[in-house]
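This report concerns one protein structure, shown below.

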Amino acid sequence: MFDIKWISANPEAFDAALKKRGMEPQASSLIAIDDERRSVVTELNTVQEKRNAASKQIGQAKAQKDEEKAQALMAEVKALKETLGDLEVRERELTEQLREALSVIPNLPLEEVPEGADEDDNVPYFRANEGETTRPAKPEFAFKPKEHYELGEAWGTMDFETAAKLSGSRFVVLKGQLARLERALGQFMLDVQTLEHGYTEIQPPLLVRDETMYGTGQLPKFDGDFFFAGHGDGRLALIPTAEVPLTNTVREVILAESELPLRLTALTPCFRSEAGSAGRDTRGMIRQHQFTKVEMVSITTPETSRDELERMLGCAEEILKRLGLHYRVVTLCTGDMGFGAQKTYDIEVWLPGQNAYREISSVSLCGDFQARRMDARYRDGDGRPRYVHTLNGSGLAVGRTLVAVLENYQNEDGSVTIPPALRSYMGGTETIGG
């Protein structure tokens, strides 16, 4: 959400930033709505003043026993009251029209974000002095590596057929050792983020109201991408990510600056009805309607949010380093960023079965975009209320990490070696399957 006052003062900059997003100019139409709204407010105030003045004159006329003047003034007040009603309705209509128009415009990219149309224009990201030795190397195989579903289905512990009977396509039933491995991964990630990286664990609701989805930018633009459950006269959304409830914990709150940065994490199921383009990833666990994810959310001051983005990226990367999984980081271009992001890094893990990198985490800085929608603020050192900055990132997507472990640690006999970092979570088990 944007401040219309800022747009009015910076229309060229606003439209130039939208152009980077592949959008047409919108400043003039937004300003026109606001100009009309402000004109109506001015007229409303003028009419209110006239009404108040006429009302006072009625009392004076009656005190002077000038009944004719009193009746004329009463008729004037009645007409002014009707005009006020019409103006108030129009002001509400314009306010809502402006709110609706602003609510579907994506966040503006930071200056350093590369311009581009889609994922083909994303840019590899490297820190200063970073070399290949800082990340785990690609595994080498003396045999052709299998895809994760080939391994899981051969063991009888990754069951898509039963899941389809229960729920339809893009669901899976994990059994036995694979169910335990997914649970182990989630617990391992959560322990690292809470015990070592300073995130506070939250167990949030999995069903949220529309205004909660609106606060983080999922609604109204992407209404068709989610699952909803009936609830009395309304509805509740199944969360597409724990970012939604975690970030909204500060909705309509004014924090003390001393409380920031506020770092929250949660391990939750996530539900998304959009599952990519037709025909893509129809097999396996890459695109599922239901999946488990460890989410990280940070609430910061504007001055510290960019540093927090780099920190959050490092927190996500550390999981892959501990698991010994090769990956790369890319900076998303303007055409590939999410709706609410100012800047996003994607972490892509190497999947030898697919012979490809696949996204396993997105880490995004949203600036005050979500905070304005949520009215989430803090008081600075001078006591002034300011909007917080919000960030979110996966630390990591558990199902995709399971896929990566299976494909990277597979053996020629069809078994999979458990990464050392997970063995204590697996009761000391060193291999599964085969």
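In this predicted model, the lining of the second largest pocket divides into 11 nonpolar, 2 polar and 5 charged residues. The volume of this pocket is about 420 Å³. Its lining comprises 18 residues, and those closest to the centre are Phe 2, Trp 6, Asn 107, Leu 108 and Gln 342. Two helices, α2 (11-20) and α11 (369-374), each contribute at least two residues to the lining of the second largest pocket. Helix α2 provides the largest share of that lining, with 5 residues.

**Strand pairing**

Strands of a sheet pair through backbone hydrogen bonds, in either the parallel or the antiparallel sense.

| Strand pair | Sense | Bridges | Bridge partners |
|---|---|---|---|
| β12 (343-351) and β13 (356-367) | antiparallel | 9 bridges | Glu 348 and Glu 359 |
| β13 and β16 (389-397) | antiparallel | 4 bridges | Ser 364 and Asn 392 |
| β8 and β14 (377-379) | parallel | 3 bridges | Leu 255 and Tyr 378 |

Strand β13 pairs with β12 and also with β16. The β12 and β13 strands form a hairpin with 4 residues between them, in which Asn 355 adopts a positive phi near 55°.

**The open sheet**

Which strands make up the open sheet of 3 strands, and in what order? The order is β8-β14-β15, and the pairing is mixed. Strands β8 (254-256) and β15 (385-387) stand at the edges; each has a single partner strand, so one side of each is left without a neighbour in the sheet. From one strand to the next, the twist averages 40°. Strands β8 and β14 run parallel and are joined by 3 bridges; in β14, Tyr 378 is the bridge partner of Leu 255.

**Helix α6**

Both ends of helix α6 can be described. At the start of α6 (residues 160-167), a side-chain oxygen of Asp 159 comes to within 3.1 Å of the backbone nitrogen of Glu 161. After α6 comes Gly 168, which has a positive phi, near 105°.

Note on methods
Residues numbered from 1 in each chain as written. Predicted model: local features only at pLDDT ≥ 70, side-chain atom pairs only at ≥ 80, totals over all residues. Heavy atoms only, no water. Pairing = 2+ DSSP bridges. 1 Å grid on protein atoms, 1.4 Å probe; cavity = no way out; pocket = protein on both sides within 12 Å on 5 of 7 lines; lining within 4 Å. Points joined across faces, edges and corners; volume = space filled by probe spheres on them. Nonpolar A, V, L, I, M, F, W, Y, C, P; charged D, E, K, R; others polar. Axes fitted to C-alpha atoms, helices over the stretch in contact; angles between N-to-C directions. Polar contact = N/O pair within 3.5 Å; in protein donor to acceptor, adjacent residues only side chain to side chain.
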